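Please walk me through this structure, beginning with the whole chain and ending with one pair of its elements.

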Amino acid sequence: EYKVREFLNETIISECIYYEVREKLSRLSLHEFSEIDVNRVIKAFLITWGGMARVLKRREKWEDKLVAVIKRYSDFLERVRIMDLANLSIKELESLQDLIEKCYMEIREVVGPTSASKVLHIIAPEFFPLWDVNIRKMYKVSDSFRGYFRFMLNIRITWLEDSQLMLVLDRLEKEYDLSKLRLIDIYNFAVTRDSL
């Protein structure tokens with residue numbers, strides 16, 4: 001709890017950006033998603049909040065490609081954007097495995113593994129967890145589609161089935177208006193940053 005509070009106190013401005021983008025995106029229909037939406041919302045988020053400018057600069061026409069992937073998976077993404085990973089059983093999560101892996105894999109091909117988790121998370125902040133290279137190392141998972149699903153399972157089992165951790169997450173979620181998955185990401189990021 002201390003690490004999360006400390007991090008949020010240090011990064012208040014970036015959390016305001018996160019909150020604003022999350023709210024903007026929640027009002028957009030993924031079925032009608034456009035390049036304007038990618039540029040105004042997702043690109044701004046990835047570069048300003050996510051620090052992904054260098055990675056995205058190397059990717060040709062990624063905005064158009066991302067629009068196509070989001071539209072292709074819009075039914076699935078609209079469905080999971082109202083789901084909460086904490087409230088899903090492992091069986092329910094496993095029933096979505098194929099779509100999670102395919103969607104992640106296609107977005108990963110467009111923007112890379114870290115940006116893919118950021119895109120998915122900002123679309124469905126209660127369903128898709130965030131990661132980066134250091135978090136992947138900490139959880140001992142690869143950046144592949146199977147690695148991402150294993151990471152989701154790991155977060156579900158390690159964090160969201162522990163009643164003590166859930167009490168802390170519930171309290172912080174109400175206090176900061178951030179999803180449990182964002183709070184877990186803050187903790188993971190702070191721990192990996194401090195260990196470097």
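This is a predicted model: local features need pLDDT of at least 70, side-chain atom pairs count only at pLDDT 80 or more; totals for chains, interfaces and linings use all residues.

Along the principal axes, the C-alpha atoms occupy a box of roughly 45 × 40 × 30 Å. Of the 196 residues, 50% are buried, where buried means under 20% relative accessible area. Among contacts with a separation of 6 or more, 70% are between residues 24 or more positions apart.

The secondary structure consists of 13 helices and 0 strands. Read from the N terminus, the order of elements is α-α-α-α-α-α-α-α-α-α-α-α-α.

Helix 8 covers residues 97-111 and helix 9 covers residues 113-123. Their axes come within 8 Å and cross at roughly 125°. Angles from 65 to 115 degrees count as roughly perpendicular and those over 145 as roughly antiparallel, and helix 8 and helix 9 are therefore oblique to each other. The crossing of helix 8 with helix 9 is right-handed.

Which residues meet where helix 8 and helix 9 are in contact? Helix 8 contributes C103, Y104, I107, R108 and V111, while helix 9 contributes P113, S115, A116, V119 and L120. Sorted by class, this contact of helix 8 with helix 9 holds 8 nonpolar residues, 1 polar residue and 1 charged residue.

Conventions: Residues are numbered from 1 along each chain as its sequence is written. Side-chain values use heavy atoms; hydrogens and water are left out. Axes are lines fitted to C-alpha atoms, for helices over the stretch in contact, and angles run from 0 to 180 degrees between N-to-C directions. Helices (H or I, at least four residues) and strands (E, at least two) are DSSP runs, numbered from the N terminus. Angles under 35 degrees count as roughly parallel, over 145 as roughly antiparallel, 65 to 115 as roughly perpendicular and the rest as oblique. A crossing is left-handed if the near helix is turned anticlockwise from the far one by less than a right angle, and right-handed if clockwise. Contact means heavy atoms within 4.5 Å. Ala, Val, Leu, Ile, Met, Phe, Trp, Tyr, Cys and Pro count as nonpolar, Asp, Glu, Lys and Arg as charged, and the others, Gly among them, as polar. Buried means under 20% relative accessible area, exposed over 50%, partly exposed in between (1.4 Å probe, protein chains only).
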